[in-house]
Amino acid sequence: MDIAKNTSGNDASTESEGYAVLLRHGQTVWSETGQYTGRTDIPLTDQGREQAKEAGQRLAKAFPNGFDPDCIFSSPLQRARQTAELAGFPDSAPMDEILEWDYGPAEGHRPQDVVASLGREWKLWIDGPHALGIDELSGDRVVDLPSGSPVSVHVTQGESLDQVAARARGIVEWLEPLVCSGRHVLLVAHAHILRILTTQWLDLDPHKAQLFRMNTAHYGVLGIYQGKRVLRQWNV
């Protein structure tokens, strides 16, 4: 349906014409296995490519007015760029601000493998990458994907949740005037940054992002209602 139309019985005149759609990229081999995939640049799987195409079809049906040509952005990582292109947006502009959370030493590992290697408890949302010593887990390395293609994994100290939230607040400051002025914005990026961005749009503690599950190649919609930033749809 066209989300600009009001189906709830409320006064649609108090809802802005503008909206921002947050689209997560399609499946990768690491999203399938649950490995932390921050800045490592890996491609979509075949299934991920199909998911991206299907997402494009859903977007075309849900948003017949489309998106403003100068308001279509993607993370510069190839899994997001491929998703944007396959969804029907080959000219998306790269936006560094919507890069995924930098997981630091956890990059490329599954949560349970991090804990097993450390021999102690560690949780991303509570402890963050900075609680991991740069040498506690494997550092920079080249790993082979199931396809046989090598991929470089670069390990940094990572970002704290507060740092990612601050980055997201900068996006909100840029995004809100666009939505208020009636622009139609598309951001194609990654699960954690989009979830954290949503909490900052809603003025929530960034830890609440854990509660916003977002499947691969699914999207959420941000808008303005009665002068307030709201969440119009999620995980569609």
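User: Is His 109 buried or exposed in this model?
Analyst: Heads up, this is a predicted model: local features need pLDDT of at least 70, side-chain atom pairs count only at pLDDT 80 or more, and totals for chains, interfaces and linings use all residues. Residues are numbered from 1 along each chain as its sequence is written, and side-chain values use heavy atoms, leaving out hydrogens and water. On relative accessible area (1.4 Å probe, protein chains only), buried means under 20%, exposed over 50% and partly exposed in between. Because His 109 has 16%, it is buried.

User: Which side chain makes a polar contact with that of His 109?
Analyst: A polar contact is a pair of N or O atoms within 3.5 Å; within protein, one must be able to donate a hydrogen and the other to accept it, and residues adjacent in sequence count only if both are side-chain atoms. At 3.5 Å, the partner of His 109 is Arg 141.

User: How many bridges join β7 to β8?
Analyst: β7 covers residues 219–225 and runs antiparallel to β8. Across the two, Ile 224 stands opposite Arg 229. The number of bridges is five.

Terms used. Pairing = 2+ DSSP bridges. Helix = DSSP H or I, 4+ residues; strand = E, 2+ residues; numbered from the N terminus.
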